[in-house]
Structures are given as structure tokens and as C-alpha cells.
Amino acid sequence: MAGGSAELELFRRRWREELAGGGKRRRREEAEPGGGEPREAGEPKEPGEPGYLVLARGLLDGGEAPARCRSSPPPGRPVEEAAGDAGGDGDDLLGQLIRDLNEINEVPFFDVQLPYELALKIFQYLGKAELGRCAQVSRTWKILAEDEVLWYRLCQQEGYLLDTSISDHSCWKLALKDCRAKEHTLRTNWKNRIGAVSQLQYELGKVLCDVHSSDGVVIAGYTSGEVRLWDTRTWDYTAPILEPMHGPGDAGPQPHVSFVRINSSLAVAAYEDGTVSVWSLMTGREPIHRYQHNQRIQALALGSEGATVATASGFEVKVESPDDKGFWQTTGTFEIQKLVNFLNLVPDVLGSPVAVAAAEDIVYVLKGEDPGKILHSVYGQPVTCLDVSAHEAAFGVKGFGWLLNEPNQVFIFYNNFTPS
């Protein structure tokens, strides 16, 4: 804004010089003999000459502005002051000229100077509200502001329709509007408790111990030892019971279910007596694998894809997965110093499975045959939650009064979990 004010001041100063020089030339021409009949101030030299040129010529000739170019006095201004200005105040006439020039020069610069692709590149930095305002400037700006590339990018940036290409919708502006309307309706309904509630029925008197879901399929474990599946995509579907594999001497009541996990191909349940059963969702109710811990299981993890199971019992963490022929085997057994509270398997790892375990105030990375690598350890600050991705491990740490200004912290470690 400072640069624009300086340019405007320079423009006004040059016009004042032109006014002064024009008046002197006019007086010299009138004083010379045979100077010709003087032209009336403000008279256009050519038919159809614009008003701002008439005003400019009148000013340069040192005369008054034409009557049609003079601005009327504002309502609150005294008549005497307005009349005095109309008598030849050069500053007011010059200001009127500058305002006229500003009006005729307010042409959208994208219309006349920039290529469409370059203008589109600039418009990509605008949001929805700014694009809406730009669409009201001119027809060219409206075409630019409603380009499908811009609204496709906005839709992707807000997390909608991520798995689609730009050719999947004919109007991405409308697609974004629909997505935002659906999200708003969902949030409103959730906040106001509006919607349908579906309840998965089971026998009375059975206590739910753990529940997990994947792709619309829900697995639940109960104190009776039963493990059931529900397919929420077909509510008339009868929940099957996943039968545990009974060994010799297993007669009598079944142990309580401690944990259940499910992915797109497997279902896993861990029982209080240290038993772990694995079922295939493709083959039926009978388990395809079973193994045993000597103590109660404290944590259970199932890979998001594939067939890898990890369990923690006591100070031992065991990882099981099938080989190339489909035979299950123990791919890793790790002894750690403390009891495990949280256990996760790292997804998308080539080769041997990799697990991350949180045991009180220590976080371990468990790879292959290597001993547990300590990822984080601060004495007296227990880990309260844990999650992992292909290259990151995030966990929360609880602090106490001696840790000033940071009572609770969240750590994110970036790591290459792929075994070397």
C-alpha cells in the first residue's frame, strides 16, 4: 500500500506541472498576433471524445472543467464552499480526473495479460470462499474459479473421495458440496443422538469381554468362552460361533475370553488360561491353528493384512505366522524385562514380522532373532497408549509432578522397521 500511495503522489505532482505549463502556453498563444480564435475550454476536438479526455484537455488548457464532468457537492457540505471549488480549484478537478482514470483502468489483469494455465496456477492457492468471490469479478474469472482442477484439488485436500480420479465426476464443485453436506449431517446427527441404533443380541447373563471389527464384520468374546461373529452388512445374518480346539482334558467350563482380533482373512481369540486360537474366515468355524502360553495373556496383536499373530504373556512375547506351505510356526520369541501392556504388529513389512511392545515405561522394537531393541525408556513415566504404522511409532507417556510444565506427552518415532 505504501508503494501505491507513492505512485499516486507522483502522478498528481506531474499533473500539477502539466496544469501549470498548459496555462502558461495558453497565455502566450493569446498574446501572440494571429494566434487564431481561442477554443472554448472543455470543448472536445473530435466527436464522441470520452469525458475524461474532455476534462484533461480543459485542465491542460488552464480552463474549467465542463459542467457535466464536475462533481456535485456532498449533501453535508456548505453551498458556499462547493461553489468556491467549482470556480477553478485545480486539486478537486485533478482528483476527479484521477478517479475517472481509476474507473476506466479497473480491468481484470488475468483477462488481458496472463495465459489461462498461469492464471489457473495462481488460483490453486485460493480456498472455497476466495474462489466464490473471484467468480463474481467477470466472466473470465468465473470460468477460472469454477475449473474442475481447482475443485478436485480442494476435495482431495479436505479428505473426500481420495480413491477417485478427476474424470470420475463431471462437477467437482458439486461433489465437494455434497460431501461437506453429508459430513455436516453426520456430525449433527451424532451430536444430537439422531439415527438408528442396531443391537447385536446374545444370550442374557453372558458378559462381553472384548470386541473388535474389520470391514463391517464384528467379533466378540464372552465370559462363557464363546466367540461370535456378526456381519453388519447383512443384519439378518445369524452370528456363528467359532469353536475352540479342545485338547485332552479340556472337558468342563471353557475359560473366559481375554482378547479378540479380526482382519479381512483371520479371527483370533486369546483365553485366560494362555490358549490362543486362530480361525480362517474362509474355511469355517474350526480353528486352523492353536498354541499355548504358560501364563495369562496380557496383550494380543493381529496384522492388519496377512496372517501374523503376536501375544504377550508374562515376560515373553511370541510371534506366530504360517510358512510358504501354510504351516504355522513360531517366527520369534522375545524375553523382556517387564510385563507388556500394549502390543502392535508393524504393517507392510517384508520378511520377518516386526512387533512394537510397551512394557510399563519402556518401548521395545522386536525384530526376528534380535533381542528386544529399546526404542524409548524414561524411569517412572509409564506408557499409556501405543499405535504404529509402516514407518512410525506413536505412544503417550504419563508424567508426574516433578516433570514441570509437561505432565503428559506424546512421542512419535520415525523408524525403518524393515529388518536389515
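The protein has 10 helices and 18 strands. Helices (H or I, at least four residues) and strands (E, at least two) are DSSP runs, numbered from the N terminus. The model is predicted: local features need pLDDT of at least 70, side-chain atom pairs count only at pLDDT 80 or more, and totals for chains, interfaces and linings use all residues. Residues are numbered from 1 along each chain as its sequence is written, and side-chain values use heavy atoms, with hydrogens and water left out.

Trainee: Why is Phe123 called buried?

Mentor: Buried means under 20% relative accessible area, exposed over 50%, partly exposed in between (1.4 Å probe, protein chains only). Phe123 has 2% relative accessibility, so Phe123 counts as buried.

Trainee: What makes Trp141 buried?

Mentor: Its relative accessible area is 12%, so Trp141 counts as buried.

Trainee: Why is the pair of Phe123 and Trp141 called edge-to-face?

Mentor: Rings of Phe, Tyr and Trp (its six-membered ring) pair if their centres lie within 6.5 Å. Planes under 30 degrees apart count as stacked, over 60 as edge-to-face and the rest as tilted. Here the centres are 5.7 Å apart and the planes stand at 85 degrees, so the pair is edge-to-face. Phe123 sits in helix H6 and Trp141 in helix H8, 18 residues apart.

Trainee: What makes Tyr152 and Trp172 an edge-to-face pair?

Mentor: Their rings are 4.8 Å centre to centre, with 75 degrees between the planes. Tyr152 is in helix H9 and Trp172 in helix H10, so this pair ties together parts 20 residues apart in sequence. Both Tyr152 and Trp172 are buried.

Trainee: Which residues of H9 are buried?

Mentor: In H9 (residues 148-157), they are Leu150, Trp151, Tyr152, Leu154 and Cys155. Their cover includes helices H6 (116-123), H7 (128-134), H8 (139-145) and H10 (172-191).

Trainee: What makes a group of residues a nonpolar core?

Mentor: A nonpolar core is a set of buried Ala, Val, Leu, Ile, Met, Phe, Trp, Tyr and Cys residues joined through side-chain atoms within 4.5 Å. The largest one here has 19 residues, and those touching the most other members include Phe123, Leu150 and Trp151. H6, H7, H8, H9 and H10 each supply at least two residues of this core. H9 gives the largest share, 5 residues.

Trainee: Which residues are in the second core?

Mentor: That separate core has 17 residues, among them Ile336, Leu345, Ala359 and Ile362.

Key: Contact means heavy atoms within 4.5 Å.
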